[in-house]
Amino acid sequence: MAKLKTSFRCSSCQCTVPKWVGRCPECGSWGSMDEAPIVASVASRPGASLAKAGAGAVLPSTPATPITRIDSTSTRAKPTGIDELDRVLGGGVVPGSVVLLAGEPGVGKSTLLLEVVHQWARRGPDDRSLYVTGEESAGQVRLRADRTGAVHERVYLAAESDLATILGHVEQVRPTLLIVDSVQTMLAADVDGVVGGVTQVKAVTSALTSLAKASGVPVLLIGHVTKDGAVAGPRSLEHLVDVVLHFEGDKHSTLRMVRGVKNRFGAADEVGCFELREDGIAGISDPSGLFLHHRAEAVPGTAVTVMMDGKRPLLGEVQALVAATSMPAPRRAVSGLDSARVAMVLAVLDRRCGVPIAKNDVYAATVGGMRMTEPSADLALALAVASAVKDKPVPDGLVILGEVGLAGEVRRVPGVGRRLAEAFRLGFTRAIVPLDSGAAPKGMKVTEVGNLGAAIASLR
């Protein structure tokens, strides 16, 4: 008979220790150690022979099949009807797959998936969708559906939090798409633990995953995130599902983005853009215009660059303001940019190019709530600050790419061709790029620079 041992495993990093501790010794998380029984099998005992180890083997009911005989047409992705979501999913949802959509409360997860079930039900008479909510009543969901225009006779609602009852609804409705909102509110009655706890969340997710694999019904789960942006519950929850998506957005902006974190059926670095409106949520196929400020005339202290968000080029505008101050310690205020890289670029401007900003307040920000964290925005930020100091605007129709080094050199960035092609499509005819950046679109004038001083001189 197998010997039962007990250890404790961290729900965040899966670190295992023999005794319980309040803080994980590996990742430092507090209160994340859970009891995990370990069964020592016969094969793991010293001196166990191969015959004894295989004594408990069971003849499989379905033998292993050569991969060449397996039909892959039954697992092709089916479009959801929302192009931006299909882009991130890799073409749509795959039958039998489990998708986890995580995001902060109020970001629009329920609104997005309610639109998904509506578009799914409109596909045909055989496509029924079941929306299970454990956070709201069926009446509240109906009110949102009325507001967003997501009412359809083949969309079924169930306000349940018991896992066994949910499985009963699936048996009755026979849906071709199942939405669970949210996985943290579901309860498995035969499993110990509180609702939303580690044990319950893992048990519910495992049961729904087994349902999806056995029936071929794709399941979309809504999950909450913690204060640091991770999916609430154990990290092993992400290993149980096929696709993990993060739904994010600034509460002061209508822009929402769905980022792929894990995808067994496609690329995991895609991003989809949405706009949250009063009448629902809509995909944005060309979001670059949201991050550019359209003005009648050029203004000093602004520069346009192109970011790569996954595989998608997005144009964004960097704004800088330099103001004199009487304080002994000048202020540095940053919004939408990496404050460490902003401080580095300002130091290079002052030391290598002689731009007098050491005794001035500097404010740097992006337009439309865009986050610019990659180094390709360094050169645009530097030229925006230089433009603000000299009170001379950057020429219209100019896009700026490049990473700035501590020696004042301008380094190459990946994907220059795709970035310039996107800028040219939106009407930009000039570009400042690092040396040896490759061919540019026909009709675009490109200036290659090797250092920051040459880039500033090219603006004259």
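This is a short chat about a predicted model and some of its contacts.

User: What should I know about the model before we start?
Analyst: The model is predicted, so local features need pLDDT of at least 70 and side-chain atom pairs count only at pLDDT 80 or more, while totals for chains, interfaces and linings use all residues. Residues are numbered from 1 along each chain as its sequence is written, and side-chain values use heavy atoms, with hydrogens and water left out.

User: How many aromatic pairs does a search of the whole structure find?
Analyst: The search finds one, where rings of Phe, Tyr and Trp (its six-membered ring) pair if their centres lie within 6.5 Å, and planes under 30 degrees apart count as stacked, over 60 as edge-to-face and the rest as tilted. The ring centres of F247 and F274 are 6.3 Å apart and the planes stand at 85 degrees, so this pair is edge-to-face.

User: And are F247 and F274 buried or exposed?
Analyst: Both are buried, a word that means under 20% relative accessible area, with exposed over 50% and partly exposed in between (1.4 Å probe, protein chains only).

User: Switching to I82, which residues is it in contact with, leaving aside neighbours within four places in sequence?
Analyst: I82 is in contact with L112, E115, V116, Q119 and F274, where contact means heavy atoms within 4.5 Å. At 10% relative accessibility, I82 counts as buried.

User: How far is I82 from A377?
Analyst: Their C-alpha atoms are separated by 31 Å, and the two residues are 295 residues apart along the chain.
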